[in-house]
Amino acid sequence: MLRLYVSLMVFCSLYLSGVCGISFASAEDVCLGCHEKKTPGIVNHWKESAHFKKQVGCADCHGSDIEAGHKREAVVDAAKCGTCHKKTFDEHSLSRHSKGLRTGQGCTRNMAATDEQKKSCSFCHAPGSTKPFDETECAMFLAQSKDMQAHGCSSCHRVEDRCDTCHTKHGTDLSLARMPGTCGTCHMGPDHAQYEMWDASSHGVIFRARGEKDGPSCVTCHMNRGSHNVSRGIATGLPEALPEMKKQERDYMVSICSGCHTSGFSARNLAGADNIEQQSRKIVEEARVLVEELYREDLLFPPPSERPSHPLFGKKFVIGPHMLYENLSLSESLFFRMKQFYYMNTVKGAFHQNPDYTHWYGNAPLKLALSELKSEAASLRRARNLKDRLDNLLLAPESPRDDTGDVRKALRELRERMLRGAISGKEYDDLKKKALDEKGL
Amino acid sequence: MLRLYVSLMVFCSLYLSGVCGISFASAEDVCLGCHEKKTPGIVNHWKESAHFKKQVGCADCHGSDIEAGHKREAVVDAAKCGTCHKKTFDEHSLSRHSKGLRTGQGCTRNMAATDEQKKSCSFCHAPGSTKPFDETECAMFLAQSKDMQAHGCSSCHRVEDRCDTCHTKHGTDLSLARMPGTCGTCHMGPDHAQYEMWDASSHGVIFRARGEKDGPSCVTCHMNRGSHNVSRGIATGLPEALPEMKKQERDYMVSICSGCHTSGFSARNLAGADNIEQQSRKIVEEARVLVEELYREDLLFPPPSERPSHPLFGKKFVIGPHMLYENLSLSESLFFRMKQFYYMNTVKGAFHQNPDYTHWYGNAPLKLALSELKSEAASLRRARNLKDRLDNLLLAPESPRDDTGDVRKALRELRERMLRGAISGKEYDDLKKKALDEKGL
Amino acid sequence: MLRLYVSLMVFCSLYLSGVCGISFASAEDVCLGCHEKKTPGIVNHWKESAHFKKQVGCADCHGSDIEAGHKREAVVDAAKCGTCHKKTFDEHSLSRHSKGLRTGQGCTRNMAATDEQKKSCSFCHAPGSTKPFDETECAMFLAQSKDMQAHGCSSCHRVEDRCDTCHTKHGTDLSLARMPGTCGTCHMGPDHAQYEMWDASSHGVIFRARGEKDGPSCVTCHMNRGSHNVSRGIATGLPEALPEMKKQERDYMVSICSGCHTSGFSARNLAGADNIEQQSRKIVEEARVLVEELYREDLLFPPPSERPSHPLFGKKFVIGPHMLYENLSLSESLFFRMKQFYYMNTVKGAFHQNPDYTHWYGNAPLKLALSELKSEAASLRRARNLKDRLDNLLLAPESPRDDTGDVRKALRELRERMLRGAISGKEYDDLKKKALDEKGL
């Protein structure tokens with residue numbers, strides 16, 4: 001029965017072949033012979049897929065160079081998918097999901113890609129230099145071990161040029177790709193917990209109870225009508241200098257909310273979240289200014305000059321998009337958490353209608369951390385003040401810089417001998433100079 | 001078919017009309033004309049609701065003043081719902097859910113409500129004063145921006161006088177209101193993670209596998225038989241001076257547990273959680289005493305006197321229910337986390353049968369934070385001690401209070417001249433006084 | 001109908017009785033008379049169970065001593081279950097789940113168990129000693145209140161000798177025991193969030209969408225074919241000195257992965273996680289070395305000598321498996337979090353294919369905490385250095401150890417009198433000694 005159905009599908013879709021250079025028959029001959037035994041799961045997923053029905057075979061995606069395939073050089077990137085799925089690829093290319101591809105940002109994460117891309121080194125590097133431009137946003141990535149890059153970074157950032165980050169590799173089950181949990185495999189956790197925020201919000205609760213009809217999921221708002229430009233409707237982060245662009249995206253999002261809410265309610269709600277974003281950014285900025293002051297006062301321990309080199313800026317002090325989380329002072333560590341975790345929870349919590357993320361995971365720890373940072377700054381400055389006072393005290397004439405007290409004691413004895421008249425002023429000066437010279441003071 | 005059913009319902013419920021002042025026909029005329037086009041979702045929810053079946057129409061809840069409705073003054077508060085749902089409203093009024101309504105606590109969160117409520121300012125304010133009484137538990141709220149109040153506080157605390165916090169606005173699907181996730185939209189997160197605790201406990205697992213029949217959900221224990229007094233059965237937090245009241249609530253809860261467990265097992269389990277509550281409170285108290293000591297020793301930086309004014313207590317030191325989380329010293333920040341996050345996880349984790357919340361989210365960080373607070377206190381005191389020693393040293397006769405050492409040097413030289421006989425004791429005293437006067441010492 | 005079915009089952013399974021010493025009839029007579037009324041839930045679960053169908057009755061598990069049962073001495077431990085379920089019990093006994101049983105480790109958690117076990121005190125104690133051997137990994141447990149031991153520790157660690165930790169008490173619904181959430185009641189939270197990691201990974205998402213067929217759950221990998229040796233296939237933590245054993249377990253796990261992935265992909269993925277484990281361990285080791293240095297420099301406040309006694313090591317400094325989380329210095333508190341929380345998130349996140357746990361819950365806070373620990377160490381050392389300099393200054397001949405400056409002033413005056421010739425060197429020495437003696441210096 002299934003075979004009959006499959007045969008029918010194959011037959012019906014014959015006239016479709018050729019569109020994407022299909023070589024269905026040869027693929028069956030060459031690959032399936034082994035892979036039906038060695039990786040039956042993969043083969044079964046493919047046989048249940050829309051690709052199979054349309055006679056899209058192994059070689060259509062992986063190419064016909066079997067040797068390359070076995071050396072893991074036949075990886076299917078987004079551009080390959082785009083040869084058939086052009087509209088989808090174009091939408092993806094406009095979104096932040098593909099940021100690395102378009103701008104060269106994050107290119108090091110995609111080094112294994114096509115020759116074409118390897119040629120485009122000038123996206124990131126000046127000719128003859130191995131050091132990427134500053135705009136390449138991957139300092140955090142470059143500072144990692146290869147293993148952490150693979151397991152911790154690229155598992156998510158591969159979305160830039162790999163469609164199978166969200167879609168399963170050989171199946172084409174759209175219901176799986178549309179599941180909020182699929183977005184959640186990356187959009188979760190301390191840095192951006194959109195999945196958890198939505199899941200615990202009224203939106204998520206209604207979705208779980210009644211499905212997409214009544215409860216909006218990730219794709220309802222961010223991939224409306226199946227668009228793969230997931231950045232549509234997100235006004236936050238767009239340049240303030242382009243208010244028209246911001247307005248356009250906001251209006252788009254309000255139009256989606258209006259499926260269930262009045263546009264007035266939706267616009268007010270999003271405007272409130274805008275305000276929260278600005279207030280939270282101001283708190284982060286206050287922290288940044290303080291950390292920069294501490295840097296100038298030489299109160300970051302270890303100072304940047306004594307840390308391992310930053311992959312982009314060497315021994316320079318870095319605070320901003322390229323900031324690392326390794327080898328920081330406590331002050332910078334607190335700032336990092338504020339900017340990367342608590343700010344994100346506050347802002348994204350507000351936009352995803354989750355009061356607990358907005359407030360208790362966001363605003364409260366953001367302000368607590370600012371308090372802790374100020375407390376640390378005050379503590380560092382008090383300690384520095386004490387040290388300065390002690391240095392000044394010991395630097396007074398009778399108190400050369402000497403922690404052990406030996407030289408100081410010797411000099412005092414000298415002075416007492418001089419005062420008592422046991423040695424002359426000249427002798428005293430000579431002996432004092434000699435004692436200090438011996439200690440290199 | 002649906003229309004037939006609806007017609008039948010409308011017909012059958014005709015004799016019910018009048019009970020709540022129903023004006024079904026006019027509402028259809030006046031509101032639906034526009035709203036069926038502008039907000040079809042809302043209208044559809046209403047048409048599927050029990051309200052529709054009983055001919056409860058727009059004006060019954062929102063009033064007939066259309067102008068007011070369009071200015072968002074036709075908000076439906078709990079009292080309005082209570083005109084029909086009297087028993088439910090009365091139960092709600094007895095519970096902590098409506099605390100703000102009954103006591104005036106949190107009234108600022110409900111300022112937009114009825115004129116009746118606005119008249120009741122004396123709940124919170126002395127005549128002629130805009131400053132609320134101390135018992136109004138909203139200092140944290142008052143210290144927030146309007147936007148954070150709306151997105152972060154009132155999204156949950158509106159439960160005080162808004163039934164649609166848990167029930168959907170225009171539908172009446174009880175299965176949705178009874179979902180644990182509905183409670184979870186507020187009862188989650190760092191401050192009280194009851195949803196997560198339950199969800200990951202055996203109770204939650206069995207509920208997910210087999211439903212309410214075998215696995216208790218929030219409403220099984222806290223809204224038994226549909227009661228809206230959600231505080232029934234919660235003995236924790238009741239005054240120790242009223243042991244009878246505590247016993248009564250505990251017995252009620254044990255009677256609910258006894259649906260599945262022996263009453264002996266249930267009582268022992270809850271008594272164990274009582275003990276954990278007391279032990280955890282003692283840890284928080286130890287921390288509080290230490291922070292108060294630090295305050296008296298002037299070791300909180302910034303001191304309360306240098307912070308923005310507390311909305312209730314101005315520049316006074318506040319540690320307790322009205323404590324804010326802004327502009328704290330590190331010591332107070334640690335205390336805040338202990339009291340608001342780790343204590344809550346420990347205690348509520350124990351009562352919700354979640355060992356990981358009890359221990360790893362609760363007890364462990366509670367004790368770690370106490371260690372860190374003590375460590376900070378010791379560090380502050382060591383630094384203060386160093387400073388005092390240095391101050392004493394410089395305050396000794398030959399060491400006037402002078403960080404730069406210049407005056408100190410001058411005075412030493414004076415004394416040496418006096419000792420050598422270059423100047424008299426009287427001259428020395430005069431010159432010393434003059435030098436000190438010049439520096440204002 | 002149900003009664004007919006039950007009767008039939010009872011009839012059909014008559015020939016099975018005797019295998020496990022079944023006393024079905026008597027149990028029904030003695031226990032059910034009361035318990036059908038007092039605890040109908042329990043009785044119903046049993047009546048729906050495979051035990052009931054096979055005529056396994058109350059006394060078969062609980063024994064026939066009714067008095068003991070009512071005194072809670074008829075607890076059914078794993079050994080009891082093992083009399084019928086021998087293979088399962090043997091597998092459990094080989095796993096880390098039963099570690100406490102096999103080695104005596106954690107025996108204090110099972111003190112209420114059988115007389116047989118009580119006799120085996122020598123597992124943990126030298127004859128005549130109440131102090132457990134060092135290898136018993138329960139210092140954290142011993143330091144807890146009885147209530148926290150019950151609610152926080154034993155709720156999970158009872159898995160050592162209680163099958164009903166995962167299986168419901170009187171029912172035998174395997175689908176419930178196989179639910180990931182059942183494992184998750186313990187394998188969650190800050191110390192080992194395997195449930196959350198899996199749940200949010202692609203594995204979890206596919207499982208939730210399509211069930212076990214396509215998405216692996218806990219039991220797919222860790223209880224393959226129903227084996228109760230949950231430690232099978234886990235190479236991490238096995239002794240480096242036994243590479244064969246490690247290889248054997250790894251090969252077993254790769255064979256399970258190969259149901260869906262190529263064995264090459266699986267092996268590479270797990271090898272990457274191995275590397276991450278080693279890199280993370282190195283970070284924890286760096287922290288440990290630093291804390292040990294601080295201990296030797298007497299920079300842990302409070303020092304171990306001033307803390308309440310460690311249950312195994314008294315006043316000794318403890319850093320490692322027996323480390324407590326109570327009464328620590330800030331440095332040790334940071335180390336505790338690194339080893340117990342962030343290391344675990346990093347490593348277990350990598351093995352459970354969750355990039356956010358690997359990186360943002362793991363690697364990032366692990367490195368941030370190391371930064372904070374180094375920052376604290378630097379701060380402690382700077383403060384110590386200041387104190388030493390001040391001590392040295394005051395310890396110089398004319399500056400006896402005296403914070404108030406009184407003695408110092410007196411000694412200075414004495415020296416000045418001596419220098420001026422008002423008193424002799426001998427008189428000076430005598431008066432100086434007297435002044436110091438009076439102050440006990």
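This is a predicted model: local features need pLDDT of at least 70, side-chain atom pairs count only at pLDDT 80 or more; totals for chains, interfaces and linings use all residues.
Residues are numbered from 1 along each chain as its sequence is written, with chains lettered from A and ligands numbered from 1 in the order in which they are written.

Helices here are DSSP runs of H or I of at least four residues, numbered from the N terminus. At 1.5 Å a residue, α20 (residues 330-351) of chain C should span 32 Å, and its end C-alpha atoms, 31 Å apart, agree with that; the expected span is 1.5 Å times one less than the number of residues. At C:Met338 the helix bends by about 35°, the angle between axes fitted to the seven residues ending there and the seven starting there. Just after α20(C), C:Gln353 has a positive phi of about 55°.

I turn to chains B and C. Their contact involves 43 residues of chain B and 46 residues of chain C, where contact requires C-beta atoms, placed from the backbone, within 7 Å. On the side of chain B that touches chain C, α21(B) gives the most, with 23 residues.

Finally, the symmetry. Chain B superposes on chain C (RMSD 0.4 Å) by a rotation of 120° with 0.1 Å of shift along its axis, fitted by least squares on C-alpha atoms of residues with pLDDT of at least 70 in both. The two copies are thus related as by a three-fold rotation axis.

Definitions and conventions:
Helices (H or I, at least four residues) and strands (E, at least two) are DSSP runs, numbered from the N terminus. Two residues are in contact if their C-beta atoms, placed from the backbone, lie within 7 Å.
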